[in-house]
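The following paragraphs are meant to be read beside the sequence and the model, moving from the chain as a whole to single residues. Please keep both in view while reading.

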Amino acid sequence: MVPLRIYRHLIPQLAAAARSPSAPKVAASASCAPRPISPLPALAMAAYGTGACADSKLLFRQLFEKESSTYTYLLADVGDPEKPAVLIDPVDRTVDRDLNLIKELGLKLIYAMNTHVHADHVTGTGLIKTKLPGAKSVISKASGAKADHSVEHGDKIYFGKLFLEVRATPGHTAGCVTYVTGDSPDQPSPRMAFTGDALIIRACGRTDFQGGSSDQLYQSVHSQQIFSLPKDTLLYPAHDYKGFTVTTVEEEVAYNARLSRDKETFKTIMENLNLSYPKMIDVAVPANMVCGFQDPPSKV
């Protein structure tokens with residue numbers, strides 16, 4: 001096998017070719033009929049793992065917690081001497097695993113971040129802060145939850161020379177956000193978006209609690225925030241229940257069983273899901289509102 005480094009000079013051109021206006025476009029439709037998906041160049045797909053510039057390199061790991069089928073994502077700028085890192089949607093049960101990996105890789109965790117106030121597991125952010133006092137918690141201001149940093153739409157979260165852009169994507173809950181890698185030559189290519197429950201592979205999160213709204217979720221995904229990203233953008237959800245790990249904007253526009261439909265059809269689907277009451281919600285939500293502490297520290 002030829003080492004990837006030999007082809008690094010080709011990656012920007014290949015990534016640009018994948019986004020070329022001449023490539024076939026896929027539009028949202030009420031029909032779920034199969035549509036052709038433009039293949040992405042293999043090297044462009046690999047680019048996000050090595051970085052798209054000489055000064056910053058993205059290390060990326062996708063981790064799984066089986067009880068709640070939650071994905072946790074570790075990103076770090078290993079081109080920076082301190083190897084600053086962020087952890088997205090950590091779970092309390094797997095904090096020791098995650099911190100051990102961070103130690104093994106020689107990373108410095110700066111932020112432990114949540115896409116929203118989860119209802120199916122207790123976040124690991126509070127526990128991480130007790131084990132790594134220098135790490136700071138992050139969640140959206142709209143969530144109303146406590147954290148060291150409350151972010152809003154348009155904010156940028158830097159780790160080294162890399163950053164994540166905050167995009168408000170309410171609908172599953174009122175405070176959902178999607179974190180998206182930057183859109184500039186010194187950022188990873190293709191772009192990556194961490195969608196929480198706003199979009200899961202071929203579906204989306206429910207909209208019947210925590211200020212959720214099917215109308216708002218459809219608007220969040222279709223207008224400006226997710227489906228407006230380049231079609232080769234890699235989408236990473238907070239959960240998967242069928243063994244999928246990653247998708248793209250182009251795939252979801254074509255094949256998402258809910259979000260590829262017109263707005264009224266989508267709302268009808270969401271109103272008739274008839275889902276059971278989340279078994280962890282009465283424990284998880286109160287804990288996650290205070291950074292994951294199930295018994296918040298007493299006020300002095």
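A residue counts as buried when its relative accessible area is under 20%, as exposed when that value is over 50%, and as partly exposed in between. Cys291, with a relative accessible area of 9%, is therefore buried. This residue sits in the segment after α8, the helix that spans residues 281-288, and its phi is positive, at about 70°, although Cys291 is not a glycine. The model is a predicted one, and the values discussed here are to be read with that in mind.

Taken as a whole, the protein chain has eight helices and twelve strands. Of its 300 residues, 50% count as buried, and the chain exposes about 13700 Å², of which carbon and sulfur atoms supply 54%.

Rolling a probe the size of a water molecule over the atoms shows where empty space is left. A search of the whole structure finds one cavity of 30 Å³ or more, and the largest cavity has a volume of about 70 Å³. Of the 14 residues that line this cavity, the closest to its centre are Asn114, Thr125, Ile139, Asn288 and Cys291. Strand β5, residues 136-140, gives the largest share of the lining, namely three residues. By class, the lining of the largest cavity has six nonpolar residues, seven polar residues and one charged residue.

The largest pocket, by contrast an open space, has a volume of about 610 Å³. It is lined by 25 residues, and those closest to its centre are Asp120, Asp197, Arg206, Tyr241 and Pro278. Its lining by class comprises eleven nonpolar, seven polar and seven charged residues.

The structure holds ten aromatic pairs. In one of them, the rings of Phe64 and Tyr71 have their centres 5.2 Å apart and their planes at 55°, so this pair is tilted rather than stacked or edge-to-face. Tyr71 is also paired with Tyr73: here the ring centres are 6.0 Å apart and the planes stand at 40°, so this pair is tilted as well. Which of these residues are buried, and which are partly exposed? Phe64 counts as partly exposed because its relative accessibility is 37%, whereas Tyr71, at 6%, counts as buried, and Tyr73, at 1%, is likewise buried. Phe64, Tyr71 and Tyr73 belong to one aromatic cluster that also includes Phe60, Phe194 and Tyr236.

Ser69 is found in the loop between β1, residues 58-65, and β2, residues 70-77. Its phi is near 55°, a positive value in a residue other than glycine, and Ser69 is buried, with a relative accessible area of 13%.

Asp89 lies in the loop between β3, residues 84-88, and α3, residues 95-104. With a relative accessible area of 1%, Asp89 is buried. Leaving aside residues up to four places away in sequence, Asp89 touches Thr70, Tyr71, Thr72, Met113, Asn114, Thr115, His118, Gly196 and Ala238. One of these contacts, Tyr71, is the ring that pairs with Phe64, and another, Asn114, is among the residues closest to the centre of the largest cavity. Asp89 and His239 are 150 residues apart in sequence, and in space their C-alpha atoms are 10.0 Å apart.

Two further loops complete the tour. In the loop between β10, residues 192-196, and α5, residues 214-225, one finds Thr207, which is buried with a relative accessible area of 13%. Not counting residues up to four places away in sequence, Thr207 touches Gly171, His172, Gly212, Ser213, Ser214, Leu217 and Met270.

Note on methods. Residues numbered from 1 in each chain as written. Predicted model: local features only at pLDDT ≥ 70, side-chain atom pairs only at ≥ 80, totals over all residues. Heavy atoms only, no water. Helix = DSSP H or I, 4+ residues; strand = E, 2+ residues; numbered from the N terminus. Buried < 20%, exposed > 50% of the residue type's maximum accessible area, 1.4 Å probe, protein only. Areas by Shrake-Rupley, 256 points an atom, 1.4 Å probe, with all protein chains shown as cover. Phe/Tyr/Trp six-rings, centres within 6.5 Å; stacked < 30°, edge-to-face > 60°. 1 Å grid on protein atoms, 1.4 Å probe; cavity = no way out; pocket = protein on both sides within 12 Å on 5 of 7 lines; lining within 4 Å. Points joined across faces, edges and corners; volume = space filled by probe spheres on them. Nonpolar A, V, L, I, M, F, W, Y, C, P; charged D, E, K, R; others polar. Contact = heavy atoms within 4.5 Å.
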